[in-house]
Amino acid sequence: MMLDLNALRAAPVQTEPFPYCIVPHFVTPEALAGIESDYPALALPGSFPLPTLKYGAQFAALMRELEAAPFAEIVGQKLGIALGGHPTMTTVRGYCRSTDGQIHTDSKTKLVTVLLYMNGKWEKPGGRLRLLRSNTSLADSFAEVPPEQGTLLIFKNQPNAWHGHESFEGPRRVIQLNWVTDMGVVRREQLRHRVSAFFKTLRKTG
């Protein structure tokens, strides 16, 4: 097992102002090196749908565990939402732009957001995700999540689930998994991300 499901089971859930849970060291120590080596090579900013990427066996094994039923069952229990029957959509990031991280909530079609960070020890001031009480200021935060290797954040998507981070530009690896309302969402989002990635590639090579 690459994921410490017992650590997730034991982690406390905060319910205000929206349900969330943070689990440091969610990836087992012996799995980190292989995942790091097999992580998709992403030099461009933005989110890339998992089916469009090339990666090695250890990263593939991690994705299987993230998308498996045991993980979904624990997440659903902790956040108080039935996830059975809802499809998942997974995207991967490898590079952050200075303009990324602006305050936002996720789309209404996303039921739960999972973020798994795969960076080393994060000592930079920017790029640390903040959970916010409002959409007015990054200073109005109640929790901060450094994107350090193996750190997990899960939260229930609600109209007040504001989040964002201070500006950062450079490598910043994060896997995002969402349970969504239906397969139509998956198809639309994957198409949107594919088109976005295509034009980013054109700009880089043009």
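Visitor: Hi! Where does G84 lie?
Guide: G84 lies in the loop between α4 and β3. Helices (H or I, at least four residues) and strands (E, at least two) are DSSP runs, numbered from the N terminus.

Visitor: And what should I know about the model itself?
Guide: This is a predicted model, where local features need pLDDT of at least 70, side-chain atom pairs count only at pLDDT 80 or more, and totals for chains, interfaces and linings use all residues. Residues are numbered from 1 along each chain as its sequence is written, and side-chain values use heavy atoms, with hydrogens and water left out.

Visitor: Back to G84: buried or exposed?
Guide: G84 is exposed, with a relative accessible area of 73%. Buried means under 20% relative accessible area, exposed over 50%, and partly exposed in between (1.4 Å probe, protein chains only).

Visitor: What separation is there between the C-alpha atoms of G84 and A72?
Guide: They are separated by 7.7 Å, with the two residues 12 apart along the chain. A72 is one of the buried residues of α4, a list that also includes F71, I74 and L79.

Visitor: What do the buried residues of α4 pack against?
Guide: They pack against α1, β1, α3, β4, β7 and β9, where contact means heavy atoms within 4.5 Å. After α4 comes G80, whose phi is positive, near 70 degrees.

Visitor: Which residues have the most contacts inside the largest nonpolar core?
Guide: Those are L8 and F71, in a core of 41 residues. A nonpolar core is a set of buried Ala, Val, Leu, Ile, Met, Phe, Trp, Tyr and Cys residues joined through side-chain atoms within 4.5 Å. At least two core residues come from each of several elements, including α1 (5–10), α2 (29–38), α4 (69–79) and β9 (170–180).

Visitor: What is F71 in contact with?
Guide: Leaving aside neighbours within four places in sequence, F71 is in contact with L5, L8, F26, E65, L66, V114, L152 and W179.

Visitor: Switching to strands: in what order do the 6 strands of the open sheet come?
Guide: The order is β1-β7-β4-β9-β3-β2, with antiparallel pairing. Two strands pair if DSSP finds at least two bridges between them. β1 and β2 (48–49) stand at the edges with a single partner strand each, so one side of each is left without a neighbour in the sheet.

Visitor: What packs on that sheet?
Guide: α4 does, touching β1, β4, β7 and β9, and its direction makes about 55 degrees with that of β7. Axes here are lines fitted to C-alpha atoms, for helices over the stretch in contact, and angles run from 0 to 180 degrees between N-to-C directions.

Visitor: How many bridges join β4 to β7?
Guide: 5 bridges join them. In one of the bridges, V112 has K156 in β7 as its partner.

Visitor: What about the sheet of 3 strands, what is its order?
Guide: That open sheet runs β6-β5-β8, again with antiparallel pairing. Its edge strands are β6 (141–145) and β8, each pairing on one side only. The twist averages 25 degrees from one strand to the next.

Visitor: How many aromatic pairs does the structure hold?
Guide: The structure holds 9. Rings of Phe, Tyr and Trp (its six-membered ring) pair if their centres lie within 6.5 Å; planes under 30 degrees apart count as stacked, over 60 as edge-to-face and the rest as tilted. W122 and F168 form an edge-to-face pair, 4.9 Å centre to centre, with 65 degrees between the planes.

Visitor: Where do W122 and F168 lie?
Guide: W122 is in the loop between β4 and β5 (129–132) and F168 in the loop between β8 (162–164) and β9, so the pair ties together parts that are 46 residues apart in sequence. W122 is buried at 3% relative accessible area, and F168 counts as buried at 10%.

Visitor: Last one: which peptide bond is cis?
Guide: The bond from E16 to P17 is cis, with omega near 0 degrees. P17 has its place in the loop between α1 and β1.
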